[in-house]
Amino acid sequence: MIRLAISADCHLTEPHDLWTSRLPPGQRERGPRLEWRDGRGCFVAEGRVIRRLPPLAGGEPQRDPSTGVPLFWRADDPSTRTRALEQDGVWAEVLYPNVAFFCTFAIEDPALQVGSCRVYNDWLAETFADSDRLVPIGMLPILDLAASVAELERLRGLGLRGALLPTHADFRPYNDPAYEPLWEAAAGLGVPLSFHAGTGRSQTPAHGPGAAVVNYVSTVSSPMETVAYLCAAGVLERHPLLRVGMVECGAGWLAWTLDAMDDAYREHQAWVRPKLADLPSESFRRQGFVTFQRDPVDLANVERTGTSCLLWGSDHPHPEGTFQESRRILVEHFDGIAQETTDRFVYRNAAELYAIPLPEGFR
Ligand code: MN
């Protein structure tokens, strides 16, 4: 039975002129924006198209006559989000961005990346920080790590309860000691770090026949590398209060990954460093989390993953999400699963992670 649902993965729409109006002169010309190019909506930063939106059914969008902004592009606020939650039968949601999600980590100028994160975090705090049922996740710059620590402290001070990093940082992988101050700050401030699938690498490396499926499979399975970096390098063990989550990637791969890490740790002892106090999987079961929309495979492996590190998310409003069908999909998905496990995955783990107040009868 689905008693209550909290979505640990949703996305909000930012104001179309957020960065062009708020970044300082000298940066605002290069900041993230929505542009219309060749009949397609595009997310643009530093003059480059970072992501093209799907073509509209009717061709050109209807526009607001006074601003010229496409009418489909309306910024979210607490009332639009709460209405959508009620429509979907969901109590609360964790909110990631849309434009900032695609653009911020693609920015190559470290100062512009810092400025773009600050603008987004300020708007989030102004707009959503007072709402118990909406948990907006702040953005952290990744190129300048001193600035990243400073922004983490600042966003916590603004009342934000989580922070987003790219799933992959191939220019400086997550086992680099340079990240230690960031891990330490996140653990000390009690801010869970999210690594949302589809960030830090191209989402569309494959082209040609089958590419759409190839790209989706590689995007949602690649967070297993990030799990291995954080566990095997001892990041989680050195920072026992650090919480790290892989978002929107399904969790069917998690049981296998935990097992493969331990197998490598035992069987490749001669090469393994650092030596850990516990097997690598144990730190993830203790401190990690993974969100999924529909994933029967993870539910078949609960005895290997444990029940504390899996969280459901609707991914509203993205096309692969469950919006408007969330309750039906959850009922089907959790048919035959123990009530205590269902409660943990569908609302209790998220409520504990982000200190989300529950309604009467659930406290
Ligand atoms: Mn998502």
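**Close-up views of a predicted model**

**View 1. A salt-bridge network joins Arg118, Asp122, Glu151 and Arg154.** A salt bridge puts a side-chain nitrogen of Lys or Arg within 4 Å of a carboxyl oxygen of Asp or Glu. By this rule the count comes to 19. The model is predicted: local features need pLDDT of at least 70, side-chain atom pairs count only at pLDDT 80 or more, and totals for chains, interfaces and linings use all residues. Residues are numbered from 1 along each chain as its sequence is written, and side-chain values use heavy atoms, without hydrogens and water.

**View 2. Asp109 pairs with Arg30 in a salt bridge.** The closest N and O atoms are 2.9 Å apart. Asp109 sits in the loop between helix H3 (99-103) and helix H4 (110-128), and Arg30 in the loop between helix H1 (18-22) and strand E2 (33-37), so the pair ties together parts 79 residues apart in sequence. Helices (H or I, at least four residues) and strands (E, at least two) are DSSP runs, numbered from the N terminus.

**View 3. Glu180 and Arg238 form a salt bridge.** The N to O distance is 2.7 Å. Glu180 belongs to helix H6 (residues 180-189) and Arg238 to helix H9 (residues 235-238), 58 residues apart.

**View 4. Helices H10 (residues 254-267) and H11 (residues 280-287) cross at roughly 145°.** Their axes come within 7 Å. Axes are lines fitted to C-alpha atoms over the stretch in contact; angles run from 0 to 180 degrees between N-to-C directions. Contact (heavy atoms within 4.5 Å) involves Leu254, Leu258, Met261, Asp262 and Tyr265 of H10 and Pro280, Ser281, Phe284 and Arg285 of H11.
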